[in-house]
Amino acid sequence: MITGFVALYIFMLAAFTGYEIIGRVPAILHTPLMSGSNFVHGIVLVGAMVALGHADGFWETLIGFIGTILAAGNAVGGYVVTERMLEMFKTSKD
Amino acid sequence: MNFWEFTVDASYFIAAVLFIVGLKRMGSPKTAKAGIKWAGIGMVLATVVTLWHPEMDAGFFRYILILLAIAIGGGGAYYTGMKVQMTGMPQMVALYNGMGGGAAAAIALVELYSHAAFQHGTTVLILAVVGALIGGVSFSGSLIAWAKLEGKMNKTIRLPGQHLINAGIALLTVVLGIWIIASSDGAPVVVTLFFIASLVFGVFLTNPIGGADMPVVISLYNALTGLAVAFEGFVLGNPAMIIAGTVVGAAGSLLTLLMANAMNRSISNVLFAGFGVDDGAQAEGPEGEMKSVEAFDAAASFAYADSLIIVPGYGLAVAQAQHKLWEFVQMLQKEHDVDVKFAIHPVAGRMPGHMNVLLAEAGVPYDLIYDLEEMNAEFPNTDAALVIGANDVVNPAARTDESSPIYGMPILDVDKAREVYVIKRGKGTGFSGVQNGLFFGDNTRMVFGDAKQVCTDLANGLKQL
């Protein structure tokens, strides 16, 4: 378990990383980037799998099952639409 | 630490690195395509090793359930994601984002119902509850945003005393959340009520917000889902979720601020005031005669211009005119040697950058596309400007008329070009409901009609020259 100040340090550093990544991005890429970051939080899938993996009883299992479906939708859908958008960017030299 | 624990931890670490590098590479047009693939590899790696996660005390049946859920969710999303038109991208992002928020809330629910969240101290419990709240709001709110942009909810319902009702639901949700944290074992009834309250809050918060502000809202919910994922990562002790979720939370918050600034709106203004509701009386619009010309005449003056700046708006995308427009532009470039550039307002389309995607889809190379700051210096030295299906983003009232609701919004100074042509369906006003003085200007000519038809006529006009 990650707790206390170690957790706080991880949170702080990751937040700065996210801030720096977006800081100097041209507006042309804002939509693909929002879509790309939407894909990245699809990592919730691994949590949903673990939750479903150790859920007890009918209701917990059902919620875990629904959660895993939703998370997989987030990850796969996020990837597909981001890639489709980025596929379209070309220069006049290509 | 046994072999599988090490493998899982190491894979999560690699996945986190791949996400950060991938996102960084998505920040430049040249490396963006590789960026999403890097992040994708990280996701596949993390997902596959999770099947050997030490906390999976699951039997054969449970693995089948997990794989079945991934197949259903992933398959459905793959199908819809491949099928959706480029104009529909913003609502698809909203939908997938809402699913992520719902998943984070589902994790929180499982951990709260099973009391696992109560065994690691108050901090973890608070994070579980707050993550459930944010995830629930993001889930139901994103679904409303999706329905609105998809045109399934055309009416924006604003109840009398909406602010009071919203504040009441918010208060109820918070009280239930505190109850769970204070109770130390969380009765299932309270947890369920708390979750339902958070869903209702998401619906009531999003419902009064008008379509024009939806992009900011979607971006905000994207950041919130990231945060919810990070919080549930703390609950599960999963560093990949903590890092990826936090990075998205921070990046998404900044992106939301950039969007809101581009629209000259503050976040609280977007969330707590409907556009047009508190404006009171409509500002007096400019009066005069619009001068309309045929597409052929417009085509002729473009052919003899040295430079042309095209300002596309959402109307272009609605009419699906991007491809026809690009054909016309290529003729101008090749046969008449016109220097053509595209100027894109930050909020053209439905999201910042959405118009770039739509033009890219039609084959317009991105080095012909410029943003607001780059272009505004060039309008005074440009022979002709062509505005297609854009209105508020070229309204000079934003510069001059302090009583206008859009006063202060950065606009493209199209009116400073020597000649301005505007392709427009009719004489109506834009999203903000404000009349546009540009259309009455001495150097402005209107070409009325459907954008796709007019672009076809422009191309035919060139052929006749």
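How many residues does the contact take from chain A and from chain B? It takes 77 from chain A and 100 from chain B. Keep in mind that this is a predicted model.

Start with the area. Chain A and chain B bury about 8000 Å² between them. Of that, 79% is on carbon and sulfur atoms. On the chain A side, three residues lose the most area to chain B: A:Met34, A:Ile43 and A:Met49. Together they account for 9% of what that side buries.

Now the polar part. We count 14 residue pairs in polar contact between the two chains, both residues at pLDDT 80 or more. The salt bridge count between chain A and chain B is one. Here B:Lys37 meets A:Glu83, side chain to side chain, at 3.2 Å from N to O.

Which helices of chain A each supply at least two residues to the side that touches chain B? They are α1 (4-23), α2 (30-40), α3 (44-53) and α4 (57-87). α4(A) gives the most, with 26 residues. By class, this side of chain A has 45 nonpolar, 25 polar and seven charged residues.

Next, a sheet in chain B. Six strands form an open, parallel sheet, ordered β3-β2-β1-β4-β5-β6. β3 (369-371) and β6 (444-448) of chain B stand at the edges with a single partner strand each, so one side of each has no neighbour in the sheet. From one strand to the next, the twist averages 25°.

Look at one pair. β4 (384-388) and β5 (419-424) of chain B run parallel over five bridges. B:Ala385 has B:Val420 as its bridge partner in β5(B).

Last, a helix. α13 (322-336) of chain B lies across β1, β2 and β4 of chain B. Its angle to β2(B) is about 145°.

Note on methods: Residues are numbered from 1 along each chain as its sequence is written. Chains are lettered from A and ligands numbered from 1 in the order in which they are written. This is a predicted model: local features need pLDDT of at least 70, side-chain atom pairs count only at pLDDT 80 or more; totals for chains, interfaces and linings use all residues. Side-chain values use heavy atoms; hydrogens and water are left out. Contact means heavy atoms within 4.5 Å. Buried area is the accessible area (1.4 Å probe) that two parts lose on being put together, summed over both. A salt bridge is a side-chain nitrogen of Lys or Arg within 4 Å of a carboxyl oxygen of Asp or Glu. A polar contact is a pair of N or O atoms within 3.5 Å; within protein, one must be able to donate a hydrogen and the other to accept it, and residues adjacent in sequence count only if both atoms are side-chain atoms. Helices (H or I, at least four residues) and strands (E, at least two) are DSSP runs, numbered from the N terminus. Ala, Val, Leu, Ile, Met, Phe, Trp, Tyr, Cys and Pro count as nonpolar, Asp, Glu, Lys and Arg as charged, and the others, Gly among them, as polar. Two strands pair if DSSP finds at least two bridges between them. Axes are lines fitted to C-alpha atoms, for helices over the stretch in contact, and angles run from 0 to 180 degrees between N-to-C directions.
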